[in-house]
Amino acid sequence: MPQSGDLLRLADAVLFPGFAGRTPPDWLRRRLGEGLAGVALFSRNIADPGQLAGLTAALRAENPLVLVGTDEESGEVTRLEVADGSSRPGAYALGIVDDEALTEAVARDLGADLARAGITIDFAPSADVNANPDNPVIGLRAFGSEPELVARHTRAFVRGLQAAGVAACAKHFPGHGDTSVDSHHGVPVVAGDGVEDALLPFREAIKEGVRTVMTGHLLVPSYDAELPATLSPKLLTGLLREELGFDGVIVTDGIEMAAVSGAYGIGGAAARAIAAGADAICVGGERADEATAVEIRDAIAAAVTGGLLPEERLADAARRVRELATWAAVSSGGSLDGMPGPDGSRDGVPGPGDGLGLVAARRAVRVTRRSAAPVLPLSGPASVVELAPEMNLAIDKGTPWGVGEPLSRLLPGTTVARLTAAEATGAALERLLGAAIGRPLVVVVRDAHRYAWQGEALRHLLSARPDAVVVEMGLPARADLGAAHVSTYGSARVCGQAAAEVLTGRL
């Protein structure tokens, strides 16, 4: 049945759709003018800081209180720097350094860049405890595998971001770390005995005053045996609101993800999420068109008239989103002067030129030497073999990574070959071994323990060249591979630079 204009506007007031292109399409401008809450930006929307600032200004011209959000975690998950790779390491590297002042300063530095570009919500940090080393989607996005460490650095990251006037978002509630399924594709199940550890970082983020919490599309049978957290009143209202005392905005992870949309459709999942206690619906990672935004809006309105969603609950969600928008509008004009940096300085937020991210990446590198032979520093131009797995959907496939490019700059004449699973055949590896005769060999892997083909390729290469150096740019399950093993705890551009400096003796 046709819905009233007021009800449709109320439904729009909780939506954060995505869109294609680097300028706002006409449909988005129109909807913003009619009260659409905000937008979610992805790498497809971003070319450079100047373009991004122009885009957000155009959005704000249609609705001065528009909330503009993006997934900028730094490290592997970057939107602002997807073309060149992140100038800051990801969470796991910061956890390895375990310097809360550094984590806060990196987040403050990031927040300053986001604020200058007109971003008001950063869907970060990941407050997940990566208790399962085989986790296919969290891994290095977490600060670590120990709840207390993750909690401390989650608080530090929240402090840094919000000091810059950007709302932080602790995700993926109630914790995606101890899972083995990617919620983009299925429904992860969280074991009951790990829930309290997983909740600790969220408890601490709430104490820190985090403005938003993102739901995970996770089934937690100890709380709700039927509905994933995003759709569960027991988890969103009972646990997050009432028990943990969170009074900010609850935002969903991408509502188009199969873990929730598979059973109810994209509109049905959105309506049920609001009914369960969520305040804002994110969509657009995989579906970014006007029809999707209309479908969700209309489904929420229909849920009100059909009795599934009380209008008071929808109005309460819209109120919380509006209050966040007001906070963001006021906070974005705040000053950062006088805030201490990681070295205790109080001259404001370091800019990208200060190299704070590279400092952090250098501090995170760990080297295990397994040979008495002087394999490091490298004796001359090297042969680099990079084994490239297919990454999960949270990581833009175009994000550059690796050690070969920065090493080539430090050691001119270095050669680089990158192999996928299909390309890493025995014949291909033999050709590379032949080309590396008389040269140092560097093998770069990424989460080698999770990919059998990487393990097989490593065994092939190391059996012929036990003097090779292995660089692990993912989560290092073992450090006893190669004559020297270098762990960067991340694949960001600065992590590759730090590894190259270790290989050449500059670090």
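What you have is a predicted model, in which local features need pLDDT of at least 70 and side-chain atom pairs count only at pLDDT 80 or more, while totals for chains, interfaces and linings use all residues. Residues are numbered from 1 along each chain as its sequence is written, and side-chain values use heavy atoms, with hydrogens and water left out.

**Overall build**

The protein has 16 helices and 14 strands; helices (H or I, at least four residues) and strands (E, at least two) are DSSP runs, numbered from the N terminus. Its radius of gyration is 23 Å, close to the 23 Å that the globule rule gives for 507 residues, so the protein is as compact as a globular protein of that length. That radius is taken over C-alpha atoms, and the rule is 2.2 Å times the number of residues to the power 0.38. Along the principal axes, the C-alpha atoms fill a box of roughly 75 × 50 × 40 Å.

Of the 507 residues, 61% are buried, where buried means under 20% relative accessible area, exposed over 50% and partly exposed in between (1.4 Å probe, protein chains only). Take the contacts (heavy atoms within 4.5 Å) between residues at least 6 apart in sequence: 76% of them join residues at least 24 apart. The accessible surface comes to about 18,200 Å², with 52% of it belonging to carbon and sulfur atoms; these areas come from the Shrake-Rupley method with a 1.4 Å probe, and for residues only the protein chains shown count as cover.

On charge, there are 46 positive and 63 negative side chains, and the centres of the two sets lie 4 Å apart. Lys and Arg count as positive and Asp and Glu as negative, with His and the chain ends not counted. Each charge is placed at NZ of Lys, CZ of Arg, CG of Asp or CD of Glu.

**Helix α12**

Helix α12 (residues 356–364) has Leu356, Gly357, Leu358, Ala360, Ala361 and Ala364 as its buried residues. What do they pack against? Their partners are α4 (91–97), α5 (100–116), β9 (366–369), β14 (484–487) and α16 (493–503).

Most residues other than glycine have a negative phi, and most peptide bonds are trans. These spots depart from that pattern:

| Site | Feature | Value |
|---|---|---|
| Lys171–His172 | cis peptide bond | omega about 0° |
| Leu376–Pro377 | cis peptide bond | omega about 0° |
| Asp447 | positive phi | about 55° |
| Tyr489 | positive phi | near 60° |

Where do they sit? His172 is in strand β5, whereas Pro377 is in the loop between β9 and β10 (383–387). Asp447 lies in the loop between β12 (441–445) and α15 (452–464) and is buried at 12% relative accessible area. Tyr489 belongs to the loop between β14 and α16, and at 14% relative accessibility Tyr489 counts as buried.
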